Amino acid sequence: MIVLRAYKTELDLNNTQKTACARHAGAARYAYNWGLARKQEARKTGEKVPSAIDLHRELNALKKTELSWMYEVSKCAPQEALRDLDNAFAHFFRRLREKKAGKNVKVGFPRFKSKKSGMGSFRLTGHIHVFEKAIQLPRLGRLRLKERGYLPVSDVHILSATVSEK
């Protein structure tokens with residue numbers, strides 16, 4: 001039997017780690033907004049709306065020329081943001097169908113993410129390792145935890161970690 005469980009804990013970051021987290025969150029926000037603009041542009045011109053995988057390929061091509069600063073952050077942050085954008089569109093169209101079927105649901109088109117609303121968040125996948133007093137994330141290294149012994153240390157497979165300002 002597979003059990004999925006989520007844990008929420010607070011990180012104890014120094015200034016360098018705070019800056020690195022802000023860069024990751026900024027890259028995720030940029031990728032989300034860029035992907036949303038690309039999808040809107042494709043819908044207006046009548047082209048096929050690109051999926052998250054298509055957008056990720058385009059973003060990788062842009063990294064080599066215009067967006068070289070994205071090499072400073074983990075590749076997972078913008079990739080997961082584009083997946084979140086796909087989910088936002090899927091929820092929008094599902095709720096639109098429900099509204100047309102007569103259900104009383106609120107429908108809202110995905111919106112651009114703003115810098116003004118705080119640091120934001122990002123999700124990382126890959127090799128995530130939990131220690132007694134720290135957690136190791138890709139490209140961020142070992143980050144101290146404020147709570148000790150709360151996260152399970154052994155015999156767990158961690159799928160992803162979300163870092164948010166809250």
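At what angle do helix H2 and helix H3 pack? This tour begins there. The model is predicted, so that local features need pLDDT of at least 70 and side-chain atom pairs count only at pLDDT 80 or more, while totals for chains, interfaces and linings use all residues. Residues are numbered from 1 along each chain as its sequence is written, and side-chain values use heavy atoms, with hydrogens and water left out.

Select residues 52-63, helix H2, together with residues 76-100, helix H3: the two pack at about 145°, with axes 9 Å apart. Helices (H or I, at least four residues) and strands (E, at least two) are DSSP runs, numbered from the N terminus. Axes are lines fitted to C-alpha atoms, for helices over the stretch in contact, and angles run from 0 to 180 degrees between N-to-C directions.

Next, display the side chains at this contact (heavy atoms within 4.5 Å). From H2, Ala52, Leu55, His56 and Leu59 meet Pro78, Gln79, Leu82, Arg83, Leu85 and Asp86 of H3.

Proceed to strand E3 (residues 129-130) and strand E4 (residues 134-137), an antiparallel pair with 2 bridges; strands pair if DSSP finds at least two bridges between them. Valine 130 has isoleucine 135 in E4 as its bridge partner. Three residues lie between E3 and E4 in their hairpin.

In the hairpin of E4 and E5, select arginine 139, whose phi is positive, near 65°.
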